[in-house]
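Trainee: Please walk me through this one, starting with the sheet and then the helices.

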Amino acid sequence: MADFQAIAKQFVDFYYQTFDQARPELAPLYRDESMLTFENSPTQGSAGIIEKLVGLPFQKVEHRVDTLDAQPSNPNGGILVIVTGALLVEEEKRPMSYVQTFQLLPSDGSYYIFNDVFRLVYAAQ
(Lines give C-alpha, C1' and ligand atoms only; values in the text may rest on other atoms or scores of the structure.)
Protein backbone atom coordinates (compact mmCIF):
# COMPACT_ATOMS: atom_id res chain seq x y z
CA MET A 1 0.00 0.00 0.00
CA ALA A 2 1.32 3.44 -0.94
CA ASP A 3 1.95 5.96 1.83
CA PHE A 4 -1.51 7.52 1.54
CA GLN A 5 -0.83 10.14 4.23
CA ALA A 6 2.28 11.48 2.44
CA ILE A 7 0.49 11.44 -0.91
CA ALA A 8 -2.45 13.36 0.59
CA LYS A 9 -0.14 15.98 2.14
CA GLN A 10 1.78 16.45 -1.11
CA PHE A 11 -1.48 16.70 -3.07
CA VAL A 12 -3.04 19.26 -0.68
CA ASP A 13 0.10 21.44 -0.67
CA PHE A 14 0.19 21.42 -4.48
CA TYR A 15 -3.56 21.94 -4.91
CA TYR A 16 -3.87 25.01 -2.69
CA GLN A 17 -0.62 26.59 -3.87
CA THR A 18 -1.82 26.22 -7.47
CA PHE A 19 -5.37 27.38 -6.63
CA ASP A 20 -4.03 30.51 -4.92
CA GLN A 21 -1.63 31.40 -7.74
CA ALA A 22 -3.01 30.06 -11.05
CA ARG A 23 -6.39 28.29 -10.94
CA PRO A 24 -6.40 27.27 -14.65
CA GLU A 25 -3.35 25.10 -13.94
CA LEU A 26 -5.54 22.79 -11.82
CA ALA A 27 -7.10 21.35 -15.01
CA PRO A 28 -4.79 18.28 -15.22
CA LEU A 29 -5.96 17.21 -11.74
CA TYR A 30 -9.52 16.65 -13.00
CA ARG A 31 -10.98 14.32 -15.66
CA ASP A 32 -14.21 14.23 -17.66
CA GLU A 33 -15.78 11.99 -15.00
CA SER A 34 -14.67 14.25 -12.12
CA MET A 35 -17.27 16.14 -10.13
CA LEU A 36 -16.95 19.30 -8.05
CA THR A 37 -19.69 20.39 -5.69
CA PHE A 38 -18.90 23.95 -4.63
CA GLU A 39 -21.30 25.34 -2.05
CA ASN A 40 -24.08 22.95 -3.15
CA SER A 41 -23.54 23.68 -6.86
CA PRO A 42 -22.39 20.53 -8.76
CA THR A 43 -20.23 20.69 -11.89
CA GLN A 44 -18.90 17.71 -13.85
CA GLY A 45 -15.90 17.44 -16.14
CA SER A 46 -12.50 19.12 -16.11
CA ALA A 47 -13.45 22.00 -18.41
CA GLY A 48 -16.60 22.88 -16.45
CA ILE A 49 -14.82 22.60 -13.10
CA ILE A 50 -12.00 24.91 -14.15
CA GLU A 51 -14.52 27.35 -15.62
CA LYS A 52 -16.32 27.34 -12.25
CA LEU A 53 -13.11 27.84 -10.24
CA VAL A 54 -11.76 30.59 -12.51
CA GLY A 55 -15.17 32.31 -12.49
CA LEU A 56 -15.36 32.63 -8.71
CA PRO A 57 -15.99 36.26 -7.71
CA PHE A 58 -12.49 36.90 -6.36
CA GLN A 59 -9.01 36.98 -7.84
CA LYS A 60 -6.74 36.98 -4.82
CA VAL A 61 -7.11 34.13 -2.32
CA GLU A 62 -4.96 32.43 0.27
CA HIS A 63 -5.81 29.02 1.77
CA ARG A 64 -4.61 27.98 5.20
CA VAL A 65 -4.77 24.27 6.02
CA ASP A 66 -5.51 23.54 9.69
CA THR A 67 -6.26 19.81 9.53
CA LEU A 68 -5.73 17.11 6.94
CA ASP A 69 -7.11 13.60 7.36
CA ALA A 70 -6.59 10.85 4.81
CA GLN A 71 -7.36 7.17 4.48
CA PRO A 72 -7.40 4.53 1.77
CA SER A 73 -10.82 4.57 0.13
CA ASN A 74 -10.94 1.49 -2.08
CA PRO A 75 -8.93 -1.62 -3.01
CA ASN A 76 -7.66 0.09 -6.19
CA GLY A 77 -5.55 2.66 -4.30
CA GLY A 78 -7.99 5.54 -3.96
CA ILE A 79 -7.45 8.06 -1.17
CA LEU A 80 -10.10 10.03 0.70
CA VAL A 81 -8.78 13.42 1.89
CA ILE A 82 -10.63 15.81 4.20
CA VAL A 83 -9.21 19.28 4.81
CA THR A 84 -10.35 22.00 7.18
CA GLY A 85 -8.89 25.45 7.25
CA ALA A 86 -9.42 29.11 6.59
CA LEU A 87 -9.14 31.32 3.55
CA LEU A 88 -8.57 34.99 3.03
CA VAL A 89 -10.24 36.48 -0.03
CA GLU A 90 -8.98 39.70 -1.65
CA GLU A 91 -8.05 42.19 1.06
CA GLU A 92 -10.47 40.77 3.64
CA LYS A 93 -8.93 40.63 7.10
CA ARG A 94 -11.33 38.05 8.59
CA PRO A 95 -10.60 34.50 7.46
CA MET A 96 -13.51 32.29 6.39
CA SER A 97 -13.52 28.69 7.61
CA TYR A 98 -13.92 25.92 5.06
CA VAL A 99 -13.99 22.16 4.71
CA GLN A 100 -13.03 20.38 1.50
CA THR A 101 -13.15 16.68 0.70
CA PHE A 102 -11.26 15.06 -2.17
CA GLN A 103 -11.61 11.54 -3.52
CA LEU A 104 -8.31 10.84 -5.30
CA LEU A 105 -8.01 7.93 -7.71
CA PRO A 106 -4.78 6.52 -9.13
CA SER A 107 -4.03 6.82 -12.82
CA ASP A 108 -0.79 6.35 -14.77
CA GLY A 109 1.47 6.50 -11.72
CA SER A 110 -0.22 9.59 -10.30
CA TYR A 111 -3.62 10.62 -8.92
CA TYR A 112 -6.54 12.65 -10.17
CA ILE A 113 -9.53 14.18 -8.39
CA PHE A 114 -12.64 12.07 -8.91
CA ASN A 115 -14.77 13.94 -6.33
CA ASP A 116 -14.24 17.38 -4.82
CA VAL A 117 -16.71 18.87 -2.31
CA PHE A 118 -16.14 22.38 -0.92
CA ARG A 119 -18.12 24.16 1.79
CA LEU A 120 -17.65 27.33 3.77
CA VAL A 121 -18.34 26.75 7.47
CA TYR A 122 -20.42 29.42 9.14
CA ALA A 123 -20.61 30.06 12.88
CA ALA A 124 -23.47 28.27 14.65
CA GLN A 125 -26.44 30.53 15.33
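Predicted model: local features only at pLDDT ≥ 70, side-chain atom pairs only at ≥ 80, totals over all residues.

Trainee: OK, in what order do the six strands sit?

Mentor: The order is S2-S1-S6-S5-S4-S3, in an open sheet with mixed pairing; strands are DSSP E runs of at least two residues, and helices H or I runs of at least four, numbered from the N terminus, while two strands pair if DSSP finds at least two bridges between them.

Trainee: Which strands stand at the edges?

Mentor: Strands S2 (41-44) and S3 (61-72) do, and since each has a single partner strand, one side of each is left without a neighbour in the sheet. On average, neighbouring strands are turned by 15 degrees against each other, direction ignored.

Trainee: How many bridges join S4 to S5?

Mentor: Nine, between S4 (residues 79-89) and S5 (residues 96-107), which run antiparallel; Ile82, for instance, has Thr101 in S5 as its bridge partner.

Trainee: Switching topic, which strands does H1 touch?

Mentor: H1 packs on the sheet and touches S1 (30-38), S3, S4, S5 and S6, where contact means heavy atoms within 4.5 Å. The direction of H1 makes about 160 degrees with that of S3; axes are lines fitted to C-alpha atoms, for helices over the stretch in contact, and angles run from 0 to 180 degrees between N-to-C directions.

Trainee: And where does H2 lie?

Mentor: Helix H2 (residues 46-54) lies across S1 and S2, running at about 35 degrees to S1.

Methods:
Residues numbered from 1 in each chain as written. Heavy atoms only, no water.
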